[in-house]
Amino acid sequence: MSGTLESQSMRLEVISAKNLEIPSERIPAGIYVYINVDSRRRWKSAIKVLLADKSVAWGDVVTLSSQASSALSIEIRVSYELNRMLGNGEVIGKLETSWDELLNHANEPFELSFPPVCGVHPSLTLKTAVVHACDNQAGTLFDTVRLLERQMRATQRLTEYTSGRTVSHLNGAVEHFQLVLDQCPVGHPDQAAALTNLAWARLLGYIRKDIQDIDTIIALFRKALALRPHGHPDHTLSLYCLILALNWCYDREDTAVCIHESAQLCCDLLPLCPEGTYLRSIGVDSQVDYVIPRYNTLPIDASNEGIRLGRNVLKLCPLGHQHRPSALDYLAQAVEARFDQHGSIDDLEESIQLGREAVSLCPEEDSSRDTYIHNLAFSLKSRFDHQAKFHDLDEAITLYEEALRLRPVGHKYRNFLLDNLGLALWTRFAARGDIDDITRAISLHREALALRPSGNPHRGITLGNLALMLQSRFAKSHVSEESDLNEAIDLCPPCNSYKFELGARKNEDVKEAIDLCEESLLKLPPLHPDRYFSYLRLGEAYLSRYRVHNNPVDLSLAVENFRLASRHDTQGFLERIQEAIHWTDEAERHSHASALEAYQTFFELLDRHLAAQSSIVARRESASAFRRASALPVNAASCAIRLDNLRGAVELVEQGRGQQWSLASRLRSPLEDLEFTNPILAHKFSELSKRLSDAQGSAANTDRAAADRAAIKYRKLTNQWDAVVAQILIILIASQYSCSAIIVPTSGEPYHVPLPSITLADLENLKSRFAWAIPQASRMGLTESRTDLIVLLRAVWNDIMLPIVNVLENVLELKRRSRIWLCPTAAFTSIPLHAAHPYKTKADRSGRELCLEDLYICSYTPTLSALIRSRQMMKTHATPPFVAIGQGQPGSGNGKELLAVDSELELQPTRAGALEALEQNSWVHLACHGKQDHDQPYNSHFVMRDKPLTLLDIMEEDIPHAEFAFLSACHTAAGDDETPDEVIHLAAGIQFSGFKSVVGTLWEVDDAVAKHVVEAFYETMFDGSKDGGVMDCTKAARALNHAKFAVMKKVPLEQRIVFIHIGV
């Protein structure tokens, strides 16, 4: 070396370190190098994170001048903070060396080995060079450092406790760490570090059972984490420390809230600790693996927040992770429970999907496989209860059988499977009547009962179910055994009023049931979920006693409990809707005054239930799940009519018939005017509407002022009706109780028209006869007489339309050729009411008697609201953009060629092209095959060149300029058999999508002859526009009426009356 120490300076580069061990067993935030030149001059490197291989890389440089001393001390220290550091941390390597030793490496990297720590020699890789003393710009040398003596003493005591496990050392460490914390009040930059140090010392003592207060430890870690939010350098370490404390708490205390919080924190931590980091290597995965299986055994949390956490926990378990099946199963149960509460079919579908994956990933030998199979079967059974698809029930039974084989005799949970499998078999017996199913169900419940001795909390449920199964076999078996009935009576638990129903007829039985239910209600707080079941049992008990003694007080008490059960908000919509249906049944059966309120309650609950569904298809499937409820809209209207409440009848029909459309239409609004006056607000509204349309969420409050609500709704409807059109709406109601019509004029009260000559059964028969007569007529020649069809149309005139026409002409004095709108319900929807015809000569022989379409211009509307909405959205254009689209060559399996179509088409598009044409044009003519899907009406479609254009496609499309559509296709206005009062068909969907005026067809169209109707229709429609007039879609009904008469000699009867007009 040249020169003397006094004139030399040394450039020292700290490159890296390896083989680093932490004697105190604390989790380090980072590692730094500390160089002590003398008592006044010290330097420390940056704090760097320890890697998984226990190494650190720096690249820090400092220039040191020798001054008077040739010796110096180099230390490797642990920091427990990455950001601001409290104290100097913990020494894990210390070496005394000299200038000469460091400079003796010719400016090349060299390794400096330290004394062993935990049996391993840590080492530093350095690089040195001689420089001029003034060249001191690469590092930071500081002359004074304020040492925190208490922090150093506390760290030293903790290290001593870690190695020697002497409690006095722990107490000393805790005492000194507490004193440090006392000197770091709120707002002090070192408070988080002080909290962490104290918490860590106490946690170490808790782990070794020298300290008991885990709650204080957790509270300290929580405070530290709050001071180190996301983005703070020490946020990750604080997360890990809190997780560790919570896990130890759960391990010792079995506190569910700890593992729940720990799971939330794990979801935050793992993304912050990628593979290769030290924290990941020493414990993150093990802590996460500790949390997941324990979280998956917690009580099911069906809240949105609980499900969100379940989804995040599932993300911690990628494919191949040992805990993925249990995470899938837990999330499946959570969304199933949310389905039970809110009734969203999407939740149920997701539960089944998750359950299937859990079962598929679970090995045959896994002890949890039976549970996953059981839970999947339970979800499938729920979907059957909701949608009545028998393949779900059959699969559920198969899975229950498999799970039962995995729970042999002696298994502690075998009794639950016996119960659920028995109930599934009983359900299938009720639907299909296979005696083997009910016999096996009874056998399974007998075994379950044996496994649930007296005192078992589930014994009463099994007793009641077994009693009902025995009664079912007694009632439906070809050879009824009285022993079944007697055993059923004996088995019924004391609080079950069914014992009284079955035949015992002992007053003490039902009195005991009532007393027990009322006692349970006294013990339960107002919003306790179990009150719902007490209301159910109490209502049934009172009803049972009423059926025997006919005391009106008992019936009133039963109804009050039905009311309370259906309005008890802690239960999901499904149960409450079923209870409301039950209430309507009993109120109608016993002519109770609450019947109308029961119907209104049902509609309110169903409306809220459907509003919670996330899609149009889900709403339809949810509505059709209530199989006994399809007739409720017309039954409700019939009830209101019998109570002389015609306004209520109109409102109930409107509410019940149009729920599918009205729920969606709430989110649709004409924006043209708003865009003109306030484009910014229009844009905001449009965006919000689209988001809401996706979510389809809605909430409604119920109250008891049903009559006032009905009057307000009716007034609102009729005021809107009066404002937009000055004509007549005729609602035709087909109920099991009566058939009638309500005429809604533009002013004054609605008018009731009884139809005494026809019943619901007659209408069903008429519907079937039309279904036979139309194809028969289609096979005849043009000049052949359609006798069968004429007979049917005469019956429609005499029994249905003639009483209505008499009122229109003689009471309301409606002018001839006025417009009327028909709004049919139930079986009326399948009958061509507009074609009603007397088919007879006038009494004076002066000519034939006039038919309905001679007298009036007939249109249809799905609901009054739909017609009002179309009127309010009306625009007129001198020359609206018009396109004719369709497909004359449908291809194999899609129907016969439409020979009269291709030459007339402007566009023969793909599905996407058709949607674009609908979006860009105001007037549309569709000439193609139309297919009605009775199983899933939203899949009803028009045949395009590549793939079908479905009703759902059209309804989901934004069609801003829509005005008029002519659907020259088959079955475009044929409804849905399962939910006839929703009128789900292609023409109604087109109207809902924004087309104000629509011409559709009721059955198959013969394009060779129907083209004459089309030509005559458009000649009339465009007649006025030739001279510069406005093309007006409100003229469509008159144009169609004129066209039918114009082509009488060219087009047979069934091909004229097939066309109907819907809308304005």
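Strand S2, residues 30-36, is mostly tucked away from the surface: six of its seven residues are buried. Keep in mind as you look around that this is a predicted model.

S2 has neighbours to pair with. Strand S5 (residues 71-79) runs antiparallel to S2, and seven bridges join them. To find this pairing in the viewer, look for Ile-31, which stands opposite Val-78 in S5. S2 also pairs with strand S3 (residues 42-44), again in the antiparallel sense, over three bridges. Here Asn-36 has Arg-42 of S3 as its bridge partner. What holds such strands together? Strands of a sheet pair through backbone hydrogen bonds, either parallel or antiparallel.

Now turn to an open sheet of four strands, which has the order S4-S1-S8-S7 and antiparallel pairing. Strand S4 (56-65) and strand S7 (110-113) stand at the edges with a single partner strand each, so one side of each is left without a neighbour in the sheet. From one strand to the next, the twist averages 30 degrees. Within this sheet, strand S1 (residues 9-18) pairs with S4 in the antiparallel sense over eight bridges. Ser-16 is a handy landmark, with Ala-57 in S4 as its bridge partner.

Here are the strand pairs described above, side by side:

| Strand pair | Sense | Bridges |
|---|---|---|
| S1 and S4 | antiparallel | eight bridges |
| S2 and S5 | antiparallel | seven bridges |
| S2 and S3 | antiparallel | three bridges |

In soluble globular proteins, nonpolar side chains tend to be buried together. The largest nonpolar core in this model has 153 residues, and those with the most contacts inside it include Ile-730, Ile-800, Leu-833 and Phe-1017. Which helix gives the most to this core? Helix H32 (residues 787-811) does, with 12 residues.

Finally, a word on cysteines. A disulfide is a covalent bond between the sulfur atoms of two cysteines. How many disulfides does a search of the whole structure find? The count is zero. Two cysteines are still worth a look for their surroundings. Cys-184 has a relative accessibility of 4%, so this residue counts as buried. Cys-362 is also buried, because its relative accessible area is 5%, and buried means under 20%.

Methods. Residues numbered from 1 in each chain as written. Predicted model: local features only at pLDDT ≥ 70, side-chain atom pairs only at ≥ 80, totals over all residues. Heavy atoms only, no water. Pairing = 2+ DSSP bridges. Helix = DSSP H or I, 4+ residues; strand = E, 2+ residues; numbered from the N terminus. Axes fitted to C-alpha atoms, helices over the stretch in contact; angles between N-to-C directions. Core = buried A, V, L, I, M, F, W, Y, C linked by side-chain atoms within 4.5 Å. Buried < 20%, exposed > 50% of the residue type's maximum accessible area, 1.4 Å probe, protein only. Disulfide = S-S within 2.5 Å.
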